[in-house]
Amino acid sequence: MDIKTASALRRLRLVSAPEAVSFLLLLVCSVLKRMTDFNAVPVMGAVHGVLFIIYVIFWLDAWNKTKWSLKTAALYFVLSVLPTGGFFADRMLRREAEASLIAARARKEGVVNA
């Protein structure tokens, strides 16, 4: 894995958890709006919207750099629209990055011809 690919995966990981948290907070604010006079939906909606747009931009960049299959790219996108999906995406991306790093080191040391 080259440095640009690793950077793209890292950026996507860095935004996936905050995007998931903002989505959960937006859902809580929506419930509170209907049950009380507390209305933070406009603020949380804007925060979540910005984080979601950043996630999609980083997702497209990672898809382009990693050459994911359509199935893998779709999975990461679907995870972004599920309330806790960003946490799962973060875990999966970390595993993918670690596996790629191990494979790159093995190729460098001549252990594997892959």
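**Figure 1. The end of helix H2 and the residue that follows.** Helix H2 is followed by Lys67, a residue whose phi is positive, near 60 degrees. The model is a predicted one, in which local features need pLDDT of at least 70, side-chain atom pairs count only at pLDDT 80 or more, and totals for chains, interfaces and linings use all residues. Residues are numbered from 1 along each chain as its sequence is written, and side-chain values use heavy atoms, with hydrogens and water left out. Helices (H or I, at least four residues) are DSSP runs numbered from the N terminus, as strands (E, at least two) would be. H2 itself covers residues 41–66, and its 26 residues reach 36 Å from the first C-alpha to the last, close to the 38 Å expected at 1.5 Å a residue; the expected span is 1.5 Å times one less than the number of residues.

**Figure 2. The buried residues of H2 and what covers them.** The buried residues of H2 are Met44, His48, Leu51, Tyr55, Val56, Trp59, Asp61, Ala62 and Thr66, where buried means under 20% relative accessible area, exposed over 50%, and partly exposed in between (1.4 Å probe, protein chains only). Their cover includes helix H1 (3–35), helix H3 (70–81) and helix H4 (85–109).

**Figure 3. The contact of H2 with H3.** These two helices pack at an angle of about 170 degrees, with their axes 11 Å apart, the axes being lines fitted to C-alpha atoms, for helices over the stretch in contact, and the angles running from 0 to 180 degrees between N-to-C directions. H2 is therefore roughly antiparallel to H3, since angles over 145 degrees count as roughly antiparallel, under 35 as roughly parallel, 65 to 115 as roughly perpendicular and the rest as oblique. Phe52, Tyr55, Val56, Trp59 and Trp63 of H2 meet Leu70, Ala73, Tyr76, Phe77, Ser80 and Val81 of H3, contact meaning heavy atoms within 4.5 Å. The residues of this contact divide into 10 nonpolar, 1 polar and no charged, with Ala, Val, Leu, Ile, Met, Phe, Trp, Tyr, Cys and Pro counted as nonpolar, Asp, Glu, Lys and Arg as charged, and the others, Gly among them, as polar.

Figure 4. The side chains of Arg11 and Asp61 form one of them, at 2.4 Å from N to O; Arg11 lies in helix H1 and Asp61 in helix H2, so the pair ties together parts that are 50 residues apart in sequence. Lys65 also forms a salt bridge with Asp61, the closest N and O atoms being 2.6 Å apart, and because Lys65 and Asp61 are 4 residues apart in helix H2, about one helical turn separates them. Arg11 is partly exposed at 31% relative accessibility, and Lys65 is partly exposed at 30%.

**Figure 5. The salt bridge of Arg13 with Asp90.** The side chains of Arg13 and Asp90 meet in a salt bridge of 2.9 Å, N to O. This pair links distant parts of the chain, with Arg13 in helix H1 and Asp90 in helix H4, 77 residues apart. Arg13 is partly exposed, with a relative accessible area of 28%, whereas Asp90 is buried at 19%.

Figure 6. The 33 residues of H1 should span 48 Å at 1.5 Å a residue, and the end C-alpha atoms are 49 Å apart, which agrees. Its buried residues include Thr5, Leu12, Glu19, Phe23 and Cys29, and the buried residues of H1 pack against H2, H3 and H4. Ser16, which lies in this helix, is buried at 0% relative accessibility. Residues up to four places away in sequence aside, Ser16 touches Tyr55, Gly86, Ala89 and Asp90.

Figure 7. Phe58 is found in helix H2 and is partly exposed, with a relative accessible area of 24%. Not counting residues up to four places away in sequence, Phe58 touches Arg11, Leu12 and Val15. The C-alpha atoms of Phe58 and Arg10, 48 residues apart along the chain, are separated by 9.4 Å.

Technical notes: Salt bridge = Lys/Arg side-chain N within 4 Å of Asp/Glu carboxyl O.
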